[in-house]
Amino acid sequence: MIEISSVSHALHGQTILHDISLQIPKGKVTALVGPNGAGKSTLLSLVARLQPLQKGQIVVDSLDVSTTPSKKLAQKLAILTQSNVLASRLTVADLVAFGRFPHHHGRPGPRDVELVDRAIETLDLADLRHRFLDEISGGQRQKAFVAMTYAQDTDYLLLDEPLNNLDMRSARALMQRLCALSAQSGKTIVIVLHEINYAALYADWIVGLKDGKLAANGSTSDFLTRETIERVFSMQADIHQFGEQRFVMHYR
């Protein structure tokens, strides 16, 4: 479980997050949603300790993020940020192999090779494994970065807008794959999404941020109401039910 307690964060004198307290359930897919500038990426980066925590506390499975040694934390959680820039002459396999570095520190063994191969297969990148990053599409590179994160083999995956550059078919396939991974392995996946219906279809839990504050937090079925969507996004939308599945109609 990720426990976030009274977390506030400011940048250049501007408040980005204000007194955020919530629990993210373990072994589930949790979506972070909200308008641009709501603080979603900042919150994810604080959980991964990419930025120092200014106020409050974040605990991951009893490990205090602020005090846990980096090596131990990297074996507990992995993060994919929005800014992923590496040498273009790396192959897909080289990139995915970077995910194992927190474990082998430059001396990969058979287990590391096995997990890299598994990540490449899981993300359907086998045909591209020997291609250089500048020889594949932006969407394919994005999948390779997700595979690198998955290869780290942590209990927690933190993914900041992993659907960037993916077409509709690829985005759906990735979300289906992530849900299957969570269900089969018990991994906790926290994912920043812009399209609310991907959260509606694939998330077990949804956290809504607005203006740096927690606007809503709950199971997907409880979150998907007209009142909650209006509170988080400041817009009206219809909620349609198809069997047990709810969709947010916001395109008209």
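Colleague: In this predicted model, how many bridges join strand 1 to strand 4, and which way do the two strands run relative to each other?

Modeller: Strand 1, residues 2–11, and strand 4, residues 55–60, run antiparallel and are joined by five bridges.

Colleague: What is the order of the strands in the open sheet, and which strands are at its edges?

Modeller: The open sheet has four strands in the order 2-1-4-5, and their pairing is antiparallel. Its edge strands are strand 2 (14–24) and strand 5 (63–64), each of which pairs on one side only.

Colleague: Turning to the helices, why would residues three or four places apart in an α-helix point the same way?

Modeller: The general idea is that an α-helix has 3.6 residues a turn, so residues at that spacing point the same way. For a case here, consider helix 10 (residues 226–233), where the buried residues are Thr228, Ile229, Val232 and Phe233. They cover an arc of only 105° around the axis, which puts them on the same side of helix 10. Just after helix 10, Ser234 takes a positive phi of about 55°.

Colleague: Which residues have the most contacts inside the largest nonpolar core, and how many residues does that core have?

Modeller: As a general idea, nonpolar side chains in soluble globular proteins tend to be buried together. In this model the largest nonpolar core has 53 residues, and those with the most contacts inside it are Ile196 and Phe223. Helix 6 gives the most to this core, with seven residues. If residues up to four places away in sequence are not counted, Ile196 touches Val33, Phe223, Leu224, Ile229, Phe233, Val248 and His250, and among these Ile229 and Phe233 belong to the buried residues of helix 10. There is also a second, separate core of 26 residues, which includes Ile16, Leu17, Leu44 and Val47.

Colleague: Is Ser182 buried or exposed, and which residues is it in contact with once its neighbours in sequence are left aside?

Modeller: Ser182, which lies in helix 7 (residues 168–185), has a relative accessible area of 4%, so it is buried. Leaving aside neighbours within four places in sequence, Ser182 is in contact with Gly27, Lys28, Val29, Lys187 and Ile189.

Colleague: How many salt bridges does the count come to, and what does the one between Arg100 and Asp112 tie together?

Modeller: The count comes to ten salt bridges. In one of them the side chains of Arg100 and Asp112 meet, at 2.9 Å from N to O. Arg100 lies in the loop between helix 3 (92–97) and helix 4 (101–104), while Asp112 lies in helix 5 (residues 110–122), so the pair ties together parts that are twelve residues apart in sequence. Both Arg100 and Asp112 are buried.

Colleague: How many residues apart in helix 5 are Arg111 and Glu114, and are they buried or partly exposed?

Modeller: Arg111 and Glu114, whose side chains meet in a salt bridge of 3.0 Å, N to O, are three residues apart in helix 5 and therefore separated by about one helical turn. Arg111 is partly exposed, with a relative accessible area of 43%, and Glu114 also counts as partly exposed, at 45%.

Colleague: Where do Asp153 and Arg118 lie?

Modeller: Asp153 is in the loop between helix 6 (138–151) and strand 7 (156–160), and Arg118 is in helix 5, so this pair ties together parts that are 35 residues apart in sequence. Their side chains meet in a salt bridge at 3.4 Å, N to O. Asp153 is partly exposed at 26% relative accessible area, and Arg118 is partly exposed at 34%. Elsewhere, salt bridges that share partners join Lys26, Asp61, Lys76 and Asp155 into one network.

Colleague: How many aromatic pairs does the structure hold, and why is the pair of Tyr198 and Tyr202 classed as it is?

Modeller: The structure holds two aromatic pairs. The rings of Tyr198 and Tyr202 have their centres 6.4 Å apart and their planes at 20°, so that pair is stacked. Both residues lie in helix 8 (residues 196–202), four residues apart, or about one turn of the helix, and both are buried. Phe242 and Phe247, by contrast, form an edge-to-face pair, with 5.6 Å centre to centre and 70° between the planes. Phe242 is exposed, with a relative accessible area of 54%, whereas Phe247 counts as partly exposed at 22%.

Technical notes
Residues numbered from 1 in each chain as written. Predicted model: local features only at pLDDT ≥ 70, side-chain atom pairs only at ≥ 80, totals over all residues. Heavy atoms only, no water. Buried < 20%, exposed > 50% of the residue type's maximum accessible area, 1.4 Å probe, protein only. Contact = heavy atoms within 4.5 Å. Salt bridge = Lys/Arg side-chain N within 4 Å of Asp/Glu carboxyl O. Core = buried A, V, L, I, M, F, W, Y, C linked by side-chain atoms within 4.5 Å. Phe/Tyr/Trp six-rings, centres within 6.5 Å; stacked < 30°, edge-to-face > 60°. Arc of directions from axis to C-beta. Pairing = 2+ DSSP bridges.
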